[in-house]
Amino acid sequence: MAESGTVWGIDIGQAGLKAIQLRFNEAAGQVVAVGFDFIQHPKILSQPDAIPAELINEALKTFVTRNALQLKGALIGFTVPSNTSIVKFIQLPPVESSKVADIVKYEARQQIPFDLNDVIWDWQTMGGGVQEGGYMLDSEVGLVAMKKEALQGHMKPFIEHKVELDTIQSTPLAMFNFLAYDQFGQRPGDDNIERDAYTVLLDMGADTTTMLVSNGRKIWQRNISIGGNQFTRALTKEMKLTFAKAEHLKCNATKAPDPKAVFQALRPVFNDYVSEIQRSIGFFSSVNRDAKIEKILAVGNGFKLAGLQKFLQQNLQYEVERVEMFPGLVGDAVLSQPLFQENAMSFAVAYGVGLQMLKQTTIKTSLLPPEIKVARMIRRKKPWALATAATLMVGLSLSTIGFARARSTVEAGRWKKSEDEVKTVQGTASSLKSAYEAAVKKNKDARDTGDALVKPATGRTLWLEVYKAINACLPAEGATKDEKDITKKTRIRLYSIVCEEKTDLKAWFDDLKVTAPQCLNYIDPEDKDKGPTGTGYVFTLRGLHYSDQFDSFVPNTFLRNLQTWEIDVQPSILIQFQHKVPVRKMGITHVMSLREAGSQVQYYPNGQPTVAGATGTGRPARAGFAGPTAGPPGVGRTSPSTGVTSAMVLGNKKLAGGPGGYPGRGVGAKGQPGEDDMHKAESIRQTDFEMVFVWQPIPEATRLAARPAPAAAPGAPGAPGAPATPGAPGTPGAPGTPMMPGVPAIAPKGTGPAMPGVPGANPGAIPGSPASPMPMPMPTAIPGAPGQAPSPIPANLPPGTAPQGNVPPVNPAVPAPAGVPMMR
């Protein structure tokens, strides 16, 4: 009778049937040999007069008859020859773990030269792969397949003798099981162990030799079409013997009358065999350049041939060992028997498939047809299903009887008290639930109210950051602070900052490119083709400067600073430390110049003519501009009709400044007029500009640490970094700076009207549209000379024009941050 938990490994070769019965001892952790059988065929299956099907059927019948009791309840595994099956090992690319099966199926179509519907195939991962982020990396897959017709031919004798197979494995994988467990000492859980050196395992059969190269994880195999029969046929040809006599002479070559003649007849086959092995090892080494072969192990009765082991060792330059005992196997009752010891080398394959059924190896593939597995599973579970159904029927019957007896004792009044208690509990639960839901609603309302109060404050600092960024981007005076020539100073004055919210920035940008194509002259290349999308704010900045760099000054300073990722703010009187202010980092993009226009103004570099003060005292002359009454001190513009600068006239003396100008030198103590000191005025250019940029607020927590993409390549006209850097104070800007489209030439000194759409003589005024959503608060008039009344504010201005001496209307309902206009 079979022992509990035993398995049979069966290998049917050309010469005979080899079978070994194994059991795993849990306590000792060892595989025990319980039984074995060796049945030699009367003829080798490949002989011309042999009928393989009858010989295999007869051998299997003998095996079943001898071991009928041991086969009951035991699992049975069987190996198929390597020349009738396909074994492939595929290195998979990085792939999602969930899609490994799909990739393997695709690879199977490529590697198996038959329709997948005509083959039985199986696969498994061979270990060594790493799983990272849901992806399998450096994973190898083992694929084994066999045509259905060939597999059915191998299974037919087992079906006829009612022997149920649980595992069908290919010979190379069974050899790997034997090599990994018995020779390398690998045990379950050691599947990731990889030896440094490789071992070659040769299994010589009657017609072919199966060659396996492995280091315990990676496997490479090849079939060599030379086996024991080739040596026998060499003897029949050279020594004119029958096949049977030649086989006997081969097995007893050392006892032959003339051993030297025998070996001379076998030498050509020896040479061919060595050449095939050398060629196979060479190919393996070319594919695995880092692989180092340690030794060669030989199994199979074909290696009993005298002199073969020594010949291989001398010619291959590797140590060659014949496996005549199994270190990983115990069981003296089997291992000590003479028949087993005599044929031990032929049991390696059967031993390997038995180890797989005991789950002592990493190989889990099987060529057993799926329909047989399902049918066998259903059959094995039928008794349990019947027992379960019977138990349910009995339980249901007992339950029915019990309910029938309980029903007979039920009375309406018997349960009234309990029903009333249930109703009371239900009412209490309902009231508690209602109170809970009311409390939850009250809490939600309170939280919503709190969120509504706090939400407006969350974005306040972002608006402050915008104005801080604008201020930081204005060019600092630096070394030009003490420069006397105003045209050499790096100074820009902003007199208007208007913000408008846009719900569709893309439509606004597309329309702007059509109506004002010059806006793309100085835009960042990154923003030129990729317009803004979604909602955001559009800031319009208007200002002026007197720099002699004209149209290149604003693009090379203020506009370029607004296109930077961050800008450094140097220490000053008010700021005691150096720090960075985010610009593009906080969401400012698409900085564009819309308009830049110049006009001539009168400037007194050495002071203005003096005028007597009201009290008879005077003030020293200083540099300034001549201007109309509404302008700030010293600002003026040439009259468009007469070409004469606006000024007050005292007697027949023309005195610059008027009520809005600086008073000149004072009179004496008695109020007598001082000496006439008319200083010469210069006509300089005043450049007015208008810029826009888009701001889509980026909270500080979600800002990127660095700009994600580099700026546009140098050399693009108008791109940041392309224009020449302005010269030092007192020197003109670099030549070649592109002029802003639409900028007229400078009018001659003292002639020509003021440019339309350019702010007039009052640089302190803030021109802007009354419909602007966020105009900057400014005083309604600019003070002039003592006693000068403020000028009135016009109700409305046409687009593109600037008031002369007045400031634009202010919407008092919209507050704005302090600090505008700005001058640095």
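**Aromatic pairs and a helix contact**

Tutor: The structure holds 25 aromatic pairs, a pair being two rings of Phe, Tyr or Trp (its six-membered ring) with centres within 6.5 Å. This is a predicted model, in which local features need pLDDT of at least 70, side-chain atom pairs count only at pLDDT 80 or more, and totals for chains, interfaces and linings use all residues. Residues are numbered from 1 along each chain as its sequence is written, and side-chain values use heavy atoms, with hydrogens and water left out.

Student: Why is the pair of Trp220 and Phe284 called tilted?

Tutor: Its planes stand at 55°, with 5.6 Å centre to centre. Planes under 30 degrees apart count as stacked, over 60 as edge-to-face and the rest as tilted, so 55° gives a tilted pair.

Student: How do you know whether Trp220 is buried or exposed?

Tutor: Buried means under 20% relative accessible area, exposed over 50%, partly exposed in between (1.4 Å probe, protein chains only). Trp220 has 15%, so Trp220 is buried. Phe284, at 2%, is buried as well.

Student: What makes the pair of Tyr467 and Phe539 edge-to-face?

Tutor: The ring centres lie 6.2 Å apart and the planes meet at 75°, so the pair is edge-to-face.

Student: Why is α1 called oblique to α4?

Tutor: The two helices pack at an angle of about 40°. Angles under 35 degrees count as roughly parallel, over 145 as roughly antiparallel, 65 to 115 as roughly perpendicular and the rest as oblique. The angle of about 40° therefore makes α1 oblique to α4.

Definitions and conventions: Axes fitted to C-alpha atoms, helices over the stretch in contact; angles between N-to-C directions. Helix = DSSP H or I, 4+ residues; strand = E, 2+ residues; numbered from the N terminus.
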